[in-house]
Amino acid sequence: MITPGIKGHIEQIVSEQLCADKIGSGLVKVFATPMMIALMEQTCNESVTPYLEAGQGTVGTHINVSHCAATPVGMKVWCDSELIDVDRRRLTFKVTAFDEKGLIGEGTHERFIIDTAKFQQKTNEKR
């Protein structure tokens, strides 16, 4: 059963492939905002996966975050998540991201619990 309070934590090292200049979100060699958001989504998703029923997964539906500090190549970054609300299939998380010097991003993220096979089939029907 999924209840508020579930926490997640993922760490990674900023590589050149995760930088704004490489992915096209900017011109500088710093941890890209889209990559920080991807880390936040991954942390939330992985935190609740053990609590889902067979055949279920989650998809991100909304994110509201700030990216308040830049991180250079080679520095460790991490995300902490906490599930703060469950409304049927809608899950709301508090997310915070840090590097070795402190806070780099924070906000909220929503995910929905889905039946993965039905979701994929419905999506494929769009073709």
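A: Start with the term. A disulfide is a covalent bond between the sulfur atoms of two cysteines. To be counted, a pair of cysteine sulfur atoms has to lie within 2.5 Å. Keep in mind that this is a predicted model.

Q: How many disulfides does the structure hold?
A: It holds zero disulfides. For C19, the nearest cysteine sulfur belongs to C68 and is 17 Å away. C68 itself has its closest cysteine sulfur in C79, at 13 Å, which is too far for a bond.

Q: How is a pair of aromatic rings described?
A: Two values are used: the distance of the centres and the angle of the planes. In this model the count comes to one aromatic pair. Its members are W78 and F98, at 5.9 Å centre to centre and with 20° between the planes. The pair is stacked, because planes under 30 degrees apart count as such.

Q: Where in the chain do W78 and F98 lie?
A: W78 is in strand β3 (residues 76–87) and F98 is in strand β4 (residues 90–99). They are 20 residues apart, so the pair links distant parts of the chain. At 19% relative accessibility W78 counts as buried, whereas F98, at 22%, counts as partly exposed. The two fall on either side of the cut-off because buried means under 20%.

Q: What is the order of the strands in the sheet?
A: The sheet is open, has five strands and runs β1-β3-β4-β5-β2, with antiparallel pairing. β1 (7–13) and β2 stand at the edges; each has a single partner strand, so one side of each lacks a neighbour in the sheet. From one strand to the next, the twist averages 25°.

Q: How many bridges join β2 to β5?
A: There are 11 bridges between strand β2 (residues 56–67) and strand β5 (residues 102–115). H62 has E110 of β5 as its bridge partner. β4 and β5 pair over 10 bridges, and a hairpin of two residues joins them. β3 and β4 also pair over 10 bridges, with S81 opposite V95 in β4.

Q: Which strands does helix α2 touch?
A: Helix α2 (residues 33–48) packs on the sheet and touches β1, β2, β3, β4 and β5. Its direction makes about 140° with that of β2. Helix α3 (residues 116–124) also packs on the sheet, touching β2 and β5, and its direction makes about 90° with that of β5.

Technical notes
Residues are numbered from 1 along each chain as its sequence is written. This is a predicted model: local features need pLDDT of at least 70, side-chain atom pairs count only at pLDDT 80 or more; totals for chains, interfaces and linings use all residues. Side-chain values use heavy atoms; hydrogens and water are left out. Rings of Phe, Tyr and Trp (its six-membered ring) pair if their centres lie within 6.5 Å; planes under 30 degrees apart count as stacked, over 60 as edge-to-face and the rest as tilted. Helices (H or I, at least four residues) and strands (E, at least two) are DSSP runs, numbered from the N terminus. Buried means under 20% relative accessible area, exposed over 50%, partly exposed in between (1.4 Å probe, protein chains only). Two strands pair if DSSP finds at least two bridges between them. Axes are lines fitted to C-alpha atoms, for helices over the stretch in contact, and angles run from 0 to 180 degrees between N-to-C directions. Contact means heavy atoms within 4.5 Å.
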